[in-house]
Amino acid sequence: MGHHRTSALCSTTAIVRGGKFGERKSGEAVSIPQGGWSGPPSAARSSNSAVVVLVVVAALIFVVVGVVGVVVVQKSNVVSGVAMAASSEATPAGVTAAGAVRVGDANAKVVVRVVADLQCPACKQFEKRNAKTLEDAAKNGTAIIEYDVISFLDRASSTQYSSRAANASYCVAGQDHSKYQGWFAAMFEQQPAEGGSGLPDSKLVEIAKNAGYTDPSVAQCITDRTYDSYVRDKTDRVLNGDVNATPTVFVNGKKLDSSQLSNGLDAAIAAAR
């Protein structure tokens with residue numbers, strides 16, 4: 001794949017129901033096959049069953065070098081380092097009714113909602129640029145931050161990393177929100193490249209422990225993929241709403257445009273106070 005400079009949005013540029021997956025040409029929408037996302041690895045599935053997920057060819061929100069590609073892979077019935085998901089449809093603790101992790105003063109006048117996929121390269125760039133702004137806003141009571149983690153980039157790895165990482169988000173969220181922003185930043189700092197195997201569950205457990213989530217139940221939740229079904233259902237709801245790209249950011253319910261995102265969040269938060 002050739003390299004060039006780009007400043008387009010990172011994740012979904014358009015979402016179209018129906019059709020087939022294929023290579024995305026410049027300006028082309030990416031279609032979603034009927035049926036939605038695949039579930040976690042299952043011994044009952046044959047080794048040649050395809051992972052049915054939303055595939056996205058992304059470009060970075062900020063000026064960076066390279067084109068982000070998505071690799072389509074076949075899923076075997078055994079994935080190293082990935083446990084079977086829990087059979088019951090668990091609902092995570094410590095999140096809003098919409099499934100967001102809230103950090104900050106509940107009485108703050110400004111609400112910042114960040115919709116992100118932990119496999120999304122532009123989300124990594126967004127986090128790098130805005131992490132301190134969001135941490136400071138939560139700490140000083142200026143704003144309450146809602147981290148709305150979704151998963152639609154499973155096809156960018158051979159181990160469904162996107163949904164495993166999203167599951168980990170809900171595993172840590174139920175423990176201590178004061179550590180969540182540190183964990184969120186660490187996940188992007190160690191984000192695996194698209195087209196590979198992603199981080200193994202053991203590494204996700206290690207990142208959680210290093211962020212202060214040392215309770216054994218967190219590690220168990222990560223390896224069991226306790227919230228896998230919840231993640232997929234929530235992702236469907238979000239993408240059927242007013243989100244068609246990541247990162248997508250709302251300030252007091254108003255979606256920010258790409259120019260506002262590229263300028264950083266300080267001005268948008270200040271204007272909403």
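Let me start with helices H2 and H3, whose axes, in this predicted model, come within 11 Å and cross at roughly 165 degrees. Since angles over 145 degrees count as roughly antiparallel, that crossing makes H2 roughly antiparallel to H3, and the crossing is right-handed. If you look at where the two helices meet, you will find Tyr161, Ala165, Ala168, Ser169 and Val172 on the H2 side, facing Tyr180, Trp183 and Met187 in H3. The residues of this contact divide into 7 nonpolar, 1 polar and no charged.

Now to the other pair, H3 with helix H4, which covers residues 201-210. Here the axes come within 9 Å and cross at roughly 140 degrees, and that makes H3 oblique to H4, with a crossing that is again right-handed. From H3 the contact uses Trp183, Ala186 and Met187, and from H4 it uses Leu204, Ile207 and Ala208; these residues divide into 6 nonpolar, no polar and no charged.

Which residues touch the most other members of the largest nonpolar core? Among its 62 residues, they are Val112, Leu134, Tyr180, Trp183, Phe184 and Leu265. The largest share of this core, 8 residues, comes from H2, which runs over residues 161-173.

Let me finish with Tyr180, which is one of the H3 residues that meet H2. Leaving aside its neighbours within four places in sequence, Tyr180 is in contact with Ser169 and Val172, and also with Val101, Val103, Tyr147, Val149 and Tyr213.

Key. Residues are numbered from 1 along each chain as its sequence is written. This is a predicted model: local features need pLDDT of at least 70, side-chain atom pairs count only at pLDDT 80 or more; totals for chains, interfaces and linings use all residues. Side-chain values use heavy atoms; hydrogens and water are left out. A nonpolar core is a set of buried Ala, Val, Leu, Ile, Met, Phe, Trp, Tyr and Cys residues joined through side-chain atoms within 4.5 Å. Buried means under 20% relative accessible area, exposed over 50%, partly exposed in between (1.4 Å probe, protein chains only). Helices (H or I, at least four residues) and strands (E, at least two) are DSSP runs, numbered from the N terminus. Contact means heavy atoms within 4.5 Å. Axes are lines fitted to C-alpha atoms, for helices over the stretch in contact, and angles run from 0 to 180 degrees between N-to-C directions. Angles under 35 degrees count as roughly parallel, over 145 as roughly antiparallel, 65 to 115 as roughly perpendicular and the rest as oblique. A crossing is left-handed if the near helix is turned anticlockwise from the far one by less than a right angle, and right-handed if clockwise. Ala, Val, Leu, Ile, Met, Phe, Trp, Tyr, Cys and Pro count as nonpolar, Asp, Glu, Lys and Arg as charged, and the others, Gly among them, as polar.
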